[in-house]
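Please open the model in a viewer and follow the stops below in order.

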Amino acid sequence: MTALLILSLPLTLALGAWLAASLDRLAPALWGLPAAGPLTPLREAAALLAQQTIRTERPDRLTLLLAPALYLTLAAVGLSVVPLWPGVAPIESPVGIVIWGSCEALTIIAVFLHGWSPNAPFPLIGAYRYVAIALPVMLPSMFVLIAAALPAGSLSVTAIVASQEPLWNVLRQPMGLPLFLLVGLTLTLRGPFDYADGADIADGTSAEDSGAGRALWQFARLSMLVAFSAMAAAVFLGGPLGPWLPGPVWLWLKTAAVMALTVLLGHAVARTSPSRMLGLLWVVALPLSFLHLAIAGVLAL
Amino acid sequence: MSWLTRLAAQAAVPVYPCIGPGLLAAVEWLFLSPHLRRTATPRAAAILLVAGQIPPRAQAGLDRLHDQLPHPRASLTWDGAGDSTPDLRRLWRELLAGRGDQPDRLPDTPPNEWRGKGDHGQGGKGMMGGVPYGRPMAMTAKDLRDGLELDAYTARFGPFAPMLPPGLEVEITLQGDVITKLTPCAPPFDQGLDASTPSACAARLLHLLGLPLDARRVRTGKRPMGLARLRALPPGLGEVAPDNDARARLTAWLAGREDETHIPPLPDLLTGLEWHEAMLVLNSFTPDALRRACLEEAEA
């Protein structure tokens, strides 16, 4: 059973990545612009695979491969602790939330290595800039996750899901999901938090990516969106809990909803300058998340 | 053709444009086509679109860019007349069918000889600095803000960098992503007034703010919808006169008003800013005004 559940992870990531890429290409419709269909991501992937993967001069060969592999692995590991049925996760861990938290933190390393490896200026600027922004994002993330674990009295994601039987966390802790969405945008290099691969540095850490290497990095980005959305669905929307339909179907529907919201925010919110964003994160997001944790703590007493 | 290339042939054509004088607006209109995708880096493109007559001073940059495209690759020259989308799509299908792949234009050798100076022969000090084989290396220097010795990196950007107006070449010294020194080397190409219309300029700035969908809307005369599109620009950024900062200029453009800003010398304007801020400031002026400012500076 566990083996089957673990085997389901690559399939979930692949289908989820395709759905996320399709949502990305559907988004223009909301802006009254021509949108592309669900086949477009496959066509674009094929276009990348049909091209050569260029190696820059004197790259860091080890980290060149390690970066996308690590990003993809972190998405898979993060997803593995999310329960598909109430009480059943591919990897049932009493500290599932801690495992997810470490996947979040190590994502910073994966993105940094991706910018470091090609030995070129724009990727390196993107890499350092991302670390500066992503580190302070991780602190609110930890407070938000601990707040969600308080009513459950456990760090296990299945216990957090079970604790939402009477009331989902999105209603019990209304600041949690909005704060967690900041984390999602950062982890998946999107919109207002895409300081790694922005247009001002010619795609930043991806500026030297071509062909299959580029396709792999984009796939890893989308996979992380799948893992993040599933975790947000489990922690705030009751994961597989729901009437009539089987648990996995509920989880999928809620994951898709979070994914659509993240994609929408990524397209809809402007990106400010890095120094101003740093200020906002330390001065607004961090105290807000601490307040959120304090309220959750008092309520859980 | 294999199933992979057949699938790829239906994708939007990935194109990196090198824009010559007078064709900026035409190229931006061209990329509103859903059949084309403007890539931010030559590494993601299959076709190099050479729009207009590239002046001789930018020819070497064009050739270097050409050689950075992954194989199979091709280039297409376009004079701005008619729609080049069908030609680009045909070229893309031919490339995928294994025809027309272009070889390198420049020899695959370093642009400079090995410099004989320094412990390691690279022209710097110790293991740092200099331009070994023509590649600029970082060297420690005092940080502008606190005097800490950090790695300073000097390189030339342009003339076809996607975040700069076409033709503009600047030599920039960066410490991290802070610009500590900036020297304009060549002005932007003359793009005529249709590249400096409020909608064209607003679209460029919105694109840099991470709102490409809004940029497309504005380019086609619609209102933008993105959140924080004005507030994302830090207040006072790129201020050249009282109440005339980047945010005020974007507000004016979005209201359809022309901008008549006189730009101070670029080094005064951009030194000390982060790269992201500097690019926002540069794109908060019309290409026409930037060109005039660079020419005045060169004369002075």
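A polar contact is a pair of N or O atoms within 3.5 Å; within protein, one atom must be able to donate a hydrogen and the other to accept it, and residues adjacent in sequence count only if both atoms are side-chain atoms. This is a predicted model, in which local features need pLDDT of at least 70 and side-chain atom pairs count only at pLDDT 80 or more, while totals for chains, interfaces and linings use all residues. Residues are numbered from 1 along each chain as its sequence is written, chains are lettered from A in the order in which they are written, and side-chain values use heavy atoms, without hydrogens or water.

Select chain A and chain B together: 19 residue pairs are in polar contact between them, both residues at pLDDT 80 or more. On chain A, the elements that give two or more residues to the side touching chain B are α2 (40-49), α5 (121-152), α10 (247-268) and α11 (274-300), the helices being DSSP runs of H or I with at least four residues, numbered from the N terminus. The largest share, 6 residues, comes from α2(A).

Next, display B:Arg43 and A:Glu208. They form a salt bridge, with the closest N and O atoms 2.7 Å apart; the term requires a side-chain nitrogen of Lys or Arg within 4 Å of a carboxyl oxygen of Asp or Glu. Between chain A and chain B the count is 1 salt bridge.

Now widen the selection to the whole contact (heavy atoms within 4.5 Å). Chain A supplies 44 residues and chain B 54 residues.
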